[in-house]
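Q: I have a structure on the screen and would like to learn how to read it. Can we take it feature by feature?

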Amino acid sequence: MNKSLPHDHGHLSDHLQTAMPKAETFEMVSDLLKMMSDSKRIEIFWLLCHCEECVINISALLEMSSPAVSHHLKLLKTAGLIISRREGKEVYYTAAKTSRSEVLHDMIERIVEVTCPSEETFEESHAYDSTVQTVNEIHELLTADLKKRYTIEELSLKFHINQTTLKTVFKKVFGQSLAAYMKEYRIKRAMEYLTQSNRSISEIAEQVGYENQSKFTQAFKDITGTLPRDYRKNMK
């Protein structure tokens, strides 16, 4: 039964009263947020949302002691936010595939985004220069061996850079999104191979990171407007 309020301002509808969760539900949410009040615990949880890792590696990456990491992992597991599995003597941890974990992960990502400094402030800061250097290192990795492909998540973990920051700064430095830039870079390298070597088209496709010739051919046409074999014929 809905409560009769002392003052009727017309703001609180009967429907809202009916839909309002019970006090116990809010207590549960409060307990969860209290549990995530430790920055290192949030960092561990965020990491495990992107990969599966053991205590030793988490300790090394976050520069924490193994007992401290184990303590945080125990709390996260008790809260149902992470799960574990044993392989021999090693125990691996990762985020639970539950709505609660996914919502919490999304919330962390969004808070990180909105708390980033403005573009003007960021560009003037030392942090921006450091991030540009990191993005240049990522560029070197991506272009060193085109056979290898990396996801944004993998690069984020490898270089310890926020995914949103990585995508934003990469586009500012190189003028395109990472995906668009690498697609064009691969095709430009393929154009060189087509005109400067006698490699087959399938070999060139593999060399620039395409798992099959049909995907390479489509990407090549998207960028150049022509097929690889026609490009080679016309250039020669």
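Q: What percentage of the residues of the chain count as buried?
A: This is a predicted model. Of the chain's 236 residues, 32% count as buried. The secondary structure consists of 14 helices and two strands.

Q: Where do nonpolar side chains tend to be in soluble globular proteins?
A: They tend to be buried together. Here the largest nonpolar core has 26 residues, and Val 208, Tyr 210, Phe 216 and Phe 220 have the most contacts inside it. At least two residues of this core come from each of H8 (126–144), H10, H11 (178–196), H12 (201–207) and H13 (213–224). H11 gives the largest share, seven residues. Another core, of 23 residues, lies apart from that one and includes Leu 32, Ile 44, Cys 49 and Ile 82.

Q: Which residues does Phe 216 touch, not counting those up to four places away in sequence?
A: Phe 216 touches Ile 187, Ala 190, Ile 201, Ile 204, Ala 205, Val 208, Tyr 210 and Pro 228.

Q: How are two packed helices described?
A: By the angle between their axes and the distance between the axes. Take helix H9 (residues 152–159) and helix H10 (residues 163–174): their axes come within 9 Å and cross at roughly 100°. An angle of 65 to 115 degrees counts as roughly perpendicular, so H9 is roughly perpendicular to H10. On the H9 side, Ile 152, Glu 153, Leu 155 and Ser 156 meet Gln 163, Leu 166 and Lys 167 of H10. The residues of this contact are three nonpolar, two polar and two charged.

Q: In what sense do strands S1 and S2 pair?
A: S1 (residues 82–87) and S2 (residues 90–95) pair in the antiparallel sense, over six bridges. Arg 86 stands opposite Val 91 in S2. The hairpin of S1 and S2 has two residues between the strands, and Gly 88 takes a positive phi near 70° there.

Q: Why does Glu 63 count as exposed?
A: Exposed means over 50% relative accessible area. Glu 63 counts as exposed because its relative accessibility is 75%. His 160, at 57% relative accessibility, therefore counts as exposed too.

Notes: Residues numbered from 1 in each chain as written. Predicted model: local features only at pLDDT ≥ 70, side-chain atom pairs only at ≥ 80, totals over all residues. Heavy atoms only, no water. Axes fitted to C-alpha atoms, helices over the stretch in contact; angles between N-to-C directions. Helix = DSSP H or I, 4+ residues; strand = E, 2+ residues; numbered from the N terminus. Parallel < 35°, antiparallel > 145°, perpendicular 65-115°, else oblique. Contact = heavy atoms within 4.5 Å. Nonpolar A, V, L, I, M, F, W, Y, C, P; charged D, E, K, R; others polar. Core = buried A, V, L, I, M, F, W, Y, C linked by side-chain atoms within 4.5 Å. Buried < 20%, exposed > 50% of the residue type's maximum accessible area, 1.4 Å probe, protein only. Pairing = 2+ DSSP bridges.
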